[in-house]
Amino acid sequence: MMHMLAVVLLFFASDVLRPSVREVPLSGKLSDEPSVKKPVVITTPEEAEKVYGNRILKDGTVDFATEQILCFGWVSSSGDVLTAKMEAGEVVFTYVPGITRDLFVHSKSFVIPKTAKWRLITKFR
């Protein structure tokens with residue numbers, strides 16, 4: 001009986017335990033004008049399929065009823081870093097440009113709540 005109760009609690013807690021912002025290991029197609037400042041905002045399964053193919057639809061990575069994906073694609077130094085975290089109910093993306101003199105194609109995708117406000121800040125080394 002205890003095992004069944006634990007399974008039920010875990011099932012209902014899974015949505016509560018899901019982080020409000022998370023990176024997903026998917027690389028998408030770059031937009032026509034790739035820029036770290038202008039991510040592609042994906043709000044439906046159809047839009048996701050255009051960017052990622054069928055991969056995102058099969059594993060239930062995103063609940064499009066309550067979540068959306070921001071797909072950042074840009075070309076810059078291989079040392080660039082892009083991270084995300086929640087701060088006071090807002091998603092803050094932090095971009096740190098790399099210092100190497102090479103060009104690298106970057107693609108990072110983050111799942112955030114559909115209703116969340118977000119912003120991008122740039123920090124230099």
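This briefing describes the fold, the cores, the salt bridges and some individual residues of one protein.

The model is predicted: local features need pLDDT of at least 70, side-chain atom pairs count only at pLDDT 80 or more, and totals for chains, interfaces and linings use all residues. Residues are numbered from 1 along each chain as its sequence is written, and side-chain values use heavy atoms, with hydrogens and water left out. The protein has three helices and seven strands.

**Overall fold**

- Along the sequence, the elements follow the pattern α-β-β-α-α-β-β-β-β-β. Helices (H or I, at least four residues) and strands (E, at least two) are DSSP runs, numbered from the N terminus.
- Of the 125 residues in the protein, 33% are buried. Here buried means under 20% relative accessible area, exposed means over 50%, and partly exposed lies in between (1.4 Å probe, protein chains only).
- Among contacts between residues at least 6 apart in sequence, 72% join residues at least 24 apart. A contact means heavy atoms within 4.5 Å.
- The protein exposes about 8,200 Å², and carbon and sulfur atoms supply 61% of this area. Accessible areas come from the Shrake-Rupley method with a 1.4 Å probe; for residues, only the protein chains shown count as cover.

**Nonpolar cores**

- The largest nonpolar core has 12 residues in all, including Val 21, Leu 70, Phe 72, Trp 74, Phe 93 and Ile 112. A nonpolar core is a set of buried Ala, Val, Leu, Ile, Met, Phe, Trp, Tyr and Cys residues joined through side-chain atoms within 4.5 Å.
- Strands E3, E5 (90–96) and E6 (104–113) each supply at least two residues of this core.
- Apart from this core lies another, of 11 residues, among them Val 24, Leu 26, Ala 48 and Val 111.
- Leaving aside its neighbours within four places in sequence, Ile 112 is in contact with residues including Val 21, Glu 67, Leu 70, Val 91, Phe 93 and Trp 118.

- Side chains of opposite charge can pair when their charged atoms come close.
- A search of the whole structure finds five salt bridges. A salt bridge is a side-chain nitrogen of Lys or Arg within 4 Å of a carboxyl oxygen of Asp or Glu.
- Arg 22 lies in strand E1 (residues 22–24) and Glu 67 in strand E3, so the pair ties together parts that are 45 residues apart in sequence.
- Both Arg 22 and Glu 67 are buried; the relative accessible area of Glu 67 is 8%.

**A network of salt bridges**

- Lys 85, Glu 87, Glu 90 and Arg 119 are linked in a network of salt bridges.
- The side chains of Glu 87 and Lys 85 meet at 3.3 Å, N to O. Glu 87 is partly exposed at 32% relative accessibility, and Lys 85 is partly exposed at 45%.
- Arg 119 forms a salt bridge with Glu 90, and their closest N and O atoms are 2.7 Å apart. This pair links distant parts of the chain, with Arg 119 in strand E7 (residues 117–122) and Glu 90 in strand E5, 29 residues apart.
- Arg 119 is partly exposed, with a relative accessible area of 34%, and Glu 90 is partly exposed at 22%.

**Surface and loops**

- Leu 30, Val 75, Leu 103 and Val 105 form a nonpolar patch on the surface, with about 370 Å² of accessible area together. Patches are made of residues with over 30% relative accessible area and no salt bridge; like charges are joined within 9 Å, and nonpolar side chains (Val, Leu, Ile, Met, Phe, Trp, Tyr) within 5 Å.
- Ala 88 lies in the loop between strand E4 (81–87) and strand E5, and it counts as exposed at 89% relative accessibility.
- Most residues other than glycine have a negative phi. Phi of Ala 88, in contrast, is near 50°, a positive value in a residue other than glycine.
- Gly 53 is found in the loop between helix H2 (45–52) and helix H3 (55–58), and is partly exposed, with a relative accessible area of 25%.
- Gly 53 and Gly 28 are 25 residues apart in sequence and 8.7 Å apart in space, C-alpha to C-alpha.
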